[in-house]
Amino acid sequence: RTMGRGKIFFAQDFTMLGTPENVRQALCSLTDDRIISRLARGVYCYPKIVGEYSMRTIYPSTEEIAEAIAERSCIRIVPYGDQAAYLMGFTSLQIGRYTYLTDGAPRMIKCNYTTITFNHTSEVRIFSFINRTMQLLSLAIRAVGKDGMTPEIRALAAEHLMKVPKEEFQEDIKLCPGWVADIIFDL
């Protein structure tokens, strides 16, 4: 409770309080009493509650869970593929699998209703972007491909580019693959 509502925490956070088995049993008991919620194996949260008369529980988003796991594991992650295209608005399809590129070990985490996949990449320049919009735009264009760049997607990409400061654009464009940089310059 001292962490506050909405906080994501891990079973390993409590190893100083007892043996791993005791910690697991205590967390299972708190989950059964609906005080905390289990999001994935070893990943829990103290959910937010809203509403004055009709109490409603709000759980962390899948992105928040992935970022908490990455922070705990001391790795960097970036959305990849269809997820990057969805975040940039290139597609309206809600994704069921969340895929991230990481500089850490590859792994798959099954959450309550979805799967979070961390795919290892040796392409470290993906993590070197200064501007998050440029990073996502580069990955989204890669996901859509040259043939998938419709006029609507081009207009949306140009709109996103307007928000990128010129200095950051000049540094980040060097990190994009050649064909992606060509598309961005055409916008």
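User: Hey, the charged end of Arg5 sits over which ring?
Analyst: In this predicted model, the charged end of Arg5 sits over the ring of Tyr46, 4.2 Å from its centre.

User: Nice. On to ring pairs: how many aromatic pairs are there?
Analyst: The count comes to four aromatic pairs. Among them is the one between Phe9 and Phe14, which is edge-to-face, with 5.6 Å centre to centre and 90 degrees between the planes.

User: And how do Phe9 and Tyr44 pair, stacked or edge-to-face?
Analyst: Phe9 and Tyr44 are stacked: the centres are 6.1 Å apart and there are 20 degrees between the planes. The angle is under the 30 degrees that counts as the limit for stacked.

User: Which parts of the chain does that pair tie together?
Analyst: Phe9 lies in strand β1 (residues 7-10) and Tyr44 in strand β3 (residues 43-46), so the pair ties together parts that are 35 residues apart in sequence.

User: Is Phe9 buried or exposed? And what about Tyr44, buried or exposed?
Analyst: Phe9 counts as buried because its relative accessibility is 5%, under the 20% cut-off. Tyr44 is buried too, with a relative accessible area of 5%.

User: So which residues form one aromatic cluster?
Analyst: That would be Phe9, Phe14 and Tyr44.

User: Switching topic: in which sense do β8 and β9 pair, parallel or antiparallel?
Analyst: Strand β8 (residues 107-110) and strand β9 (residues 115-120) pair in the antiparallel sense, over four bridges. The two strands form a hairpin, with four residues between them.

User: Which residue in β9 is the bridge partner of Ile109?
Analyst: Ile109 has Ile116 as its bridge partner in β9.

Definitions and conventions
Residues numbered from 1 in each chain as written. Predicted model: local features only at pLDDT ≥ 70, side-chain atom pairs only at ≥ 80, totals over all residues. Heavy atoms only, no water. Pairing = 2+ DSSP bridges. Phe/Tyr/Trp six-rings, centres within 6.5 Å; stacked < 30°, edge-to-face > 60°. Buried < 20%, exposed > 50% of the residue type's maximum accessible area, 1.4 Å probe, protein only. Lys NZ or Arg CZ within 6 Å of the ring centre and 35° of its normal.
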